[in-house]
Every structure is written in C-alpha cells, then in structure tokens.
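Trainee: Could you pick one part of this model and take me through it closely? I would also like to see how it sits among the rest of the chain.

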Amino acid sequence: KQTSPAQAEFYQAVEEVLESLQPILETNEKYQLHSIIERIVEPERQLMFRVPWVDDQGKVQVNKGYRIEFNSALGPYKGGLRFHPSVNASIIKFLGFEQIFKNALTGLPIGGGKGGANFDPKGKSDGEIMRFCQSFISELYRHIGPTTDVPAGDIGVGGREIGYMFGQYKRLTGNFDGVFTGKSLLWGGSLARKEATGYGCVYFAQYMLEDKGDTLAGKRCLVSGAGNVAIYTIEKLYQLGAIPVSCSDSSGTIHHESGINLDTLKELKEVRHVRLNEYLTAHPDATFIPVADYPADGNAVWHLAGAQLAFPCATQNELNEADAKALVANGCIAVSEGANMPSTQDAVEVFLGAKILYGPGKAANAGGVATSQLEMAQNASMQRWSFEEVDEKLKVIMKNIYRNASETAAEFGDPNNLVLGANIAGFRKVADAMIEQGVV
Ligand code: NDP
C-alpha cells in the first residue's frame with residue numbers, strides 16, 4: 001500500500017481475499033514455504049501501451065491501453081477488456097486479480113487476466129470506435145492467442161468492439177482462430193454467451209434460496225446497471241417468476257413498481273444507446289431519479305423499499321455501507337452480484353453480519369467467463385452447440401460453483417460465508433497448481 005498508494009481498488013480486492021485466506025494459510029505451511037501469497041499478488045506480466053487514433057475531425061487522440069496477464073497456473077489468461085474513462089492500472093489490476101479466483105472456481109482450465117483502455121465509447125461514431133479498436137489491437141495482437149491469452153468484453157466492450165478487434169488481429173496475424181470470446185454468432189461466437197453473466201447471476205441466487213427452502217417466484221428485485229449483465233439478469237428473473245423493479249445507468253435510476261419493461265430497456269440500451277430517462281416516454285408511470293438527487297452517502301437504487309432481492313450489475317463500489325444497511329432494513333434477504341466488486345468491504349460486512357444470503361461477484365458472475373470457455377471449446381473442436389445445450393451447461397457450472405463455495409465455507413467453520421468459501425476454493429486450486437509447476 002505504501003509503495004503504490006494509487007492502487008486503491010487493487011489493494012481493496014487483495015485485502016478482501018487475504019483476510020478470508022487466513023484459515024487455510026494458518027494450517028498449510030506449504031503455501032508459506034512456496035511464497036504463494038507473494039507470487040500470486042504479483043502479475044506474471046503487465047502491459048501498458050499508447051493507443052493513438054484519428055477522430056472524425058482529423059485530430060489525433062491518444063489513450064492508455066492495458067493488459068494484465070496475471071496468472072496462468074490453470075490455463076491461458078482469460079478475462080475481459082474494459083473501455084471506460086475511469087480505467088487505470090489499479091482498476092485493471094483489481095479486475096485481473098479477482099479473475100484468477102473466479103476462473104478457478106468455474107472448474108474450467110483458464111488462467112486470469114484483464115485489460116482495457118481509458119477510452120470513452122459514449123458519443124463516438126462507428127468509424128471512431130473502429131479506428132480505436134484497430135489501434136488497440138495493433139499493439140496487443142503480439143501478446144494474445146487462442147492458447148496464450150484470450151480477451152473478451154466488459155464495460156464498454158460488446159459485440160461491435162470485439163468484431164473490430166478480431167478483424168484487425170486477423171489482418172495482422174493471418175489467423176482465423178478463437179483468440180476472442182463474445183464473438184458474433186456469424187463467425188465463431190457461442191449461443192447464450194451474451195446472456196450468460198446475467199442468467200448465471202440469477203441461477204446463483206436461485207441456488208442460494210433453494211438451499212434455504214425458498215424460491216425466486218414472486219420476489220421483487222432491485223437491479224442496478226442497464227448494460228449487458230443487468231439486461232439478462234432482468235430477463236432471467238422474469239423467466240423464473242420474479243419481478244425486477246429497477247435498473248440504472250450513470251445518469252440515474254429507473255423505478256418501475258409494476259416491473260421493468262424489458263423490451264423498452266433493450267431498445268434504449270442495445271439499439272439506440274441512449275440515457276435511461278427516455279424510459280419515461282414509453283412508461284410515464286415509472287420514476288426516474290437523477291444522480292443529482294441520490295442520497296449524499298449512497299446510491300438511490302438500494303434505498304427503494306419493498307424488494308426482497310438485490311442484483312448489483314453496474315460497476316465496482318456502487319453499493320456502500322449505508323446502502324447495505326438500507327437494503328437490510330427494507331427486508332432484503334439475498335444479494336447476488338453480477339458486477340465485479342460492486343459492494344464495498346463495509347457493505348459486505350453488513351450483509352454477513354445480518355446473515356442474509358450473499359453471493360460475491362467472483363462466484364455469482366462467473367457464468368460469463370465459464371461460457372466464454374465453452375465458446376473456446378466449441379471453436380477448438382469446430383463444433384456449434386445449441387442455446388439449450390450451452391444454457392444447460394451454464395446451470396450445472398453455476399450449481400457446482402455454489403456447492404464448491406458453500407461446502408468450502410462449511411469446511412472452514414463458517415457455513416454461510418460464501419466470500420470465505422469462494423476465496424479459499426479458488427485459491428486452493430491455483431496455489432496447488434503453482435506448487436506443482438515449480439518456481440516460475
Ligand atoms: P456494460 O457496459 O454493458 O454496462 C455497464 C452498466 O453499468 C451501464 O448501464 C453503465 O451505465 C453502468 N455503469 C458503468 N459505470 C458506472 C458508474 N461509474 N456509475 C454508474 N453506472 C455505471 O457492462 P457489463 O454489463 O458487461 O458489465 C457490468 C459489470 O459486470 C462490470 O462490473 C463488469 O466487470 C461485470 N462483469 C461483466 C461480465 C460480462 O460478461 N459482460 C462478466 C462478469 C462481470 P452508463 O452506460 O451510463 O455508463
């Protein structure tokens with residue numbers, strides 16, 4: 001912390017993981033002997049590079065590009081690319097660190113990585129997005145490949161951006177291979193990949209509730225975000241009989257008591273790419289709370305009364321201690337995280353203290369990366385599986401992640417603590433693989 005005070009998010013993620021690893025570190029000398037902690041917090045490789053591109057006015061713009069190849073003990077580096085103005089080395093490093101344990105938890109052969117740029121796709125023309133993506137890949141192409149490092153999407157990177165990046169990779173290398181996941185269905189993408197993170201996050205909530213003899217049916221749900229993860233969380237909630245009553249973007253929150261209209265949301269965010277207040281044009285009975293009217297110490301979406309479940313699906317640190325207390329006071333019984341590290345450490349302590357069900361992001365949102373690995377498997381074997389086949393595999397993977405985290409939590413004496421369970425289960429696999437592979 002003292003040597004790199006600017007890496008706040010990275011230290012936040014490391015602290016959370018190290019705290020929950022204490023029980024396994026204390027009882028296993030081999031991890032100390034092999035300096036696993038010292039090695040696991042240090043990325044195998046970090047790339048930072050200049051991304052120059054020409055805007056529509058002919059002016060040269062420059063962004064910072066990143067790729068962190070964090071850990072390859074279990075397989076090729078795997079993790080998304082984020083394009084957002086807030087991106088910096090700390091954010092990419094925290095995401096990469098979390099990705100190691102998440103990927104291990106899926107039980108699939110994938111290592112951990114992450115990348116992105118401080119580029120803001122909002123308001124950019126198609127041509128500008130393409131030129132940016134081409135410049136980004138003109139540097140990154142030499143470091144990635146289907147058996148070395150396989151990027152995917154994240155905030156600000158969807159099918160369009162993956163298309164432009166793949167096109168440039170193919171042009172520079174001459175290879176048509178599975179170097180990206182989240183590809184278009186026309187050229188190697190997997191059915192159900194787009195839906196997988198949101199669907200998986202809802203399956204995870206379903207398994208947590210089932211274990212307590214409860215179901216999703218009839219439950220009112222608060223969802224934050226209005227992007228890929230939020231949209232398919234809302235879709236699956238409806239399919240399983242729950243009622244999502246909110247969504248949000250960086251301009252504000254929509255509260256629709258009779259249930260968010262999914263068609264309107266998809267039209268606004270997947271087709272027209274506009275701000276959420278436009279939702280009111282089609283649904284005047286809904287309310288829009290602009291960010292300026294949020295409580296001074298929190299996020300309005302978590303203060304809406306009358307919901308039993310919460311699904312944070314926007315971004316890191318979007319749910320703080322005051323928000324968590326409001327959720328608990330309003331009768332929330334379960335939180336399943338679609339986003340990465342959306343709850344601050346204080347908020348997590350509120351959930352654990354109140355003994356409500358809490359599915360941390362690295363377990364609850366692992367369905368996305370797991371389905372990316374299914375895309376890699378289809379590409380490598382030149383096969384194409386049906387939507388139902390992929391969705392069925394996703395359900396099994398999510399159930400196994402839930403079981404693995406809850407059984408590990410019980411093994412270490414804190415049965416309902418899925419933070420502890422997920423961190424230890426993920427760590428154990430990676431650490432043992434690192435020991436078996438020697439000092440590298
Ligand atoms: P999208 O870009 O599709 O959507 C992100 C959503 O979150 C948008 O509605 C965006 O609003 C909102 N948002 C982003 N930053 C902020 C902010 N600082 N304040 C308020 N709202 C914000 O991204 P995804 O849905 O793919 O990703 C959402 C989260 O899920 C991220 O944490 C990501 O890391 C995580 N995740 C994604 C996976 C995937 O498969 N896509 C897999 C696993 C985790 P606006 O458009 O106004 O900025």
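Mentor: Happy to; let me begin with contact, which means heavy atoms within 4.5 Å. This is a predicted model, in which local features need pLDDT of at least 70 and side-chain atom pairs count only at pLDDT 80 or more, while totals for chains, interfaces and linings use all residues. Residues are numbered from 1 along each chain as its sequence is written, and side-chain values use heavy atoms, with hydrogens and water left out.

Let's look closely at E98. E98 belongs to helix α4, residues 89–105 (helices are DSSP runs of H or I with at least four residues, strands are E runs with at least two, numbered from the N terminus). E98 counts as buried because its relative accessible area is 4% (buried is under 20%, exposed over 50%, partly exposed in between, with a 1.4 Å probe and protein chains only). Leaving aside neighbours within four places in sequence, E98 is in contact with A13, V17 and K362. With K362 there is also a polar contact, side chain to side chain, at 3.4 Å (a pair of N or O atoms within 3.5 Å; within protein, one able to donate a hydrogen and the other to accept it, with residues adjacent in sequence counting only if both atoms are side-chain atoms).

Now for the surroundings. The domain assignment, automatic or from a database, gives domain 1 (8–179) and domain 2 (194–355). Taken over C-alpha atoms, the centres of domain 1 and domain 2 are 26 Å apart. Where they touch, 14 residues of domain 1 and 12 residues of domain 2 take part.

Next comes the largest nonpolar core, with 60 residues (buried Ala, Val, Leu, Ile, Met, Phe, Trp, Tyr and Cys joined through side-chain atoms within 4.5 Å). F204, L216, L237, I254, L265, F311 and I401 have the most contacts inside this core. Helix α7 (residues 193–210) supplies the largest share, 10 residues. Domain 1 and domain 2 each give this core at least three residues. A second, separate core has 32 residues, including F70, I92, F94 and L420.

Strands β8 (residues 246–249) and β9 (residues 252–255) run antiparallel and are joined by 4 bridges (pairing needs at least two DSSP bridges). They form a hairpin with 2 residues between them. On β9 there is a further antiparallel partner, β10 (residues 287–290), also through 4 bridges, and there G252 faces P290.

From a ligand oxygen atom, a polar side-chain atom of D154 is 2.6 Å away, and a polar side-chain atom of R193 is 3.0 Å away. A226 instead brings a backbone N or O atom to 2.9 Å from a ligand oxygen atom.

Finally, R142 sits in the loop between α5 (126–140) and β5 (149–152). Its side chain reaches the backbone oxygen of E139 at 3.4 Å. R142 and T173 lie 31 residues apart along the chain, with 8.5 Å between their C-alpha atoms.
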